[in-house]
Amino acid sequence: MTKRSPLWHPQSPTINPESGAARDALALDDGFGMACDILVKGGLVAVPTETVYGLAADATNAEAIARIYAAKNRPSFNPLISHLPSLAAATQHGIFNADALALAKAFWPGPMTLVVAKRADSPIAALTSAGLDTVALRVPDAPLMRALAYATGKPLAAPSANRSGRVSPTTAEHVREELSDRIDLIADLGPCKVGVESSVILCVDDAPATLLRPGGLSTRAIEAILKRPLARAGTNDKTPSSPGMTSSHYAPSVPVRLNAVKVEAGEALIAFGPALPENADRAVDMINLSETGDSFEAAQKLFAAMRTLDRPDVRGIAVAPIPNEGLGEAINDRLRRAAF
Ligand code: TXA
Ligand code: MG
């Protein structure tokens, strides 16, 4: 029998890592001490964030980072996001230009990752950032992840806690299905509230802030802070695209058909909004991401829906059209990858 990693149900999911009372509350929870111990020794802990579950390790320990790649079966070394307890902690690792500072102040803690120039004295391992001279930093709206980074004194590298090529996990059960025999501990705080990964924004030198990956923040919200349009990766030669954005990143094993106005025989349906595609009643199964057409609700349900419908009695997944408003852009980005 393969080893199964223990599930930990943290006692204090609402703690604030910056307050002394929070540290006292956490000290009562044996699991917290165990998680810190695993991390400082170079082990792997699955930790929920507001976006998706992350597979966390000490970002300054190259061996621990190598274990992340091995656990995920990542074919190549994609650069990882380092999670920090606060903006002050993040500025010890990266150089924040005016855009980066404005965005961090507006959206941290939250579903946003900033790719900034790496400080020469940052102890983040070269392997964590795949040898680049930039680092991806995030202060998540996830008190447990922040508390672990705070208590261990380590930036915590965490990619989504799935095997390479699978959709990101939004519950502890998803993590268990794919990684349980490969990691040391899984913290279970129930479903993630955002459901798609963070928006990744490149802010280096005096180049315009550039969206590398649409995610948990809407473009409109980001542009309201920048007070100008957000540049897009790949639209000119000077803006490198995000190295981890390979097209097959989010594929379920059955074909996914986008913008479906009609359900075909053998297909399951992912619906959106009150109006259903033609032949919806003939679908093998149907999940409506949001009956009211709310893109935030839809993002929260997206990956779990793809997992539920990825099964032998389903010949393909038809997805109804989803407008690009709000988190629609991130949802459509993930769906295009799934359909690739
Ligand atoms: O919501 C999230 O972002 C989750 C949670 C766990 O925080 N994490 C996540 O990590 O989605 P991952 O490894 O699946 O995706 C990281 C993304 C990739 O697209 C990667 O290419 C990009 O961040 N990235 C990281 N460092 C970068 C860098 N230095 N330059 C450009 N892109 C970078
Ligand atoms: Mg991922």
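The largest cavity holds about 40 Å³ of space. A search of the whole structure finds two cavities of 30 Å³ or more. This is a predicted model, in which local features need pLDDT of at least 70 and side-chain atom pairs count only at pLDDT 80 or more, while totals for chains, interfaces and linings use all residues. Residues are numbered from 1 along each chain as its sequence is written, chains are lettered from A and ligands numbered from 1 in the order in which they are written, and side-chain values use heavy atoms, with hydrogens and water left out.

**Cavities and a pocket**

- On a 1 Å grid over the protein atoms alone, a cavity is a set of points where a 1.4 Å probe fits but cannot get out, whereas a pocket is an open set with protein on both sides within 12 Å along at least five of seven lines; lining residues have an atom within 4 Å of a point.
- Grid points are joined across faces, edges and corners, and a volume is the space filled by probe spheres set on the points.
- Arg166, Val167, Glu178, Ala251, Pro252, Met306, Arg307 and Asp310 line the largest cavity.
- That lining comprises four nonpolar, no polar and four charged residues (Ala, Val, Leu, Ile, Met, Phe, Trp, Tyr, Cys and Pro count as nonpolar, Asp, Glu, Lys and Arg as charged, and the others, Gly among them, as polar).
- Domain 1 (7-195) and domain 2 (256-339) each contribute at least three residues to the lining of the largest cavity; the domain bounds come from an automatic or database domain assignment.
- The second largest cavity holds about 40 Å³ of space, and its lining includes Pro214, Gly215, Leu217, Gly326 and Glu329.
- Four nonpolar, four polar and one charged residues make up the lining of the second largest cavity.
- The second largest pocket contains about 210 Å³ of space.
- Of the 13 residues lining this pocket, Pro48, Thr49, Glu50, Leu189 and Pro191 are the closest to its centre.
- The lining of the second largest pocket is divided into eight nonpolar, two polar and three charged residues.

**The aromatic pair and a cis peptide bond**

- The whole structure has one aromatic pair (rings of Phe, Tyr and Trp, its six-membered ring, pair if their centres lie within 6.5 Å; planes under 30 degrees apart count as stacked, over 60 as edge-to-face and the rest as tilted).
- Phenylalanine 96 and tryptophan 108 form this edge-to-face pair, at 6.0 Å centre to centre and 70° between the planes.
- Phenylalanine 96 lies in the loop between strand S5 (94-95) and helix H5 (98-107), and tryptophan 108, twelve residues apart from it, in the loop between H5 and strand S6 (112-118).
- Helices (H or I, at least four residues) and strands (E, at least two) are DSSP runs, numbered from the N terminus.
- Phenylalanine 96 and tryptophan 108 are both buried (buried means under 20% relative accessible area, exposed over 50%, partly exposed in between, with a 1.4 Å probe and protein chains only).
- The peptide bond from tryptophan 108 to proline 109 is cis, with omega near -5°.

**Positive phi angles**

- Aspartate 205 is not a glycine, yet has a positive phi of about 50°; this residue is in the loop between strand S10 (199-202) and strand S11 (210-213).
- Aspartate 205 counts as exposed because its relative accessibility is 64%.
- Asparagine 279, in the loop between strand S14 (267-271) and strand S15 (286-288), has a positive phi near 65°.
- Asparagine 279 counts as buried because its relative accessibility is 17%.

**Cysteines**

- The count of disulfides is zero (a disulfide is a pair of cysteine sulfur atoms within 2.5 Å).
- Cysteine 192 is buried at 3% relative accessibility, and cysteine 203 is buried with a relative accessible area of 2%.
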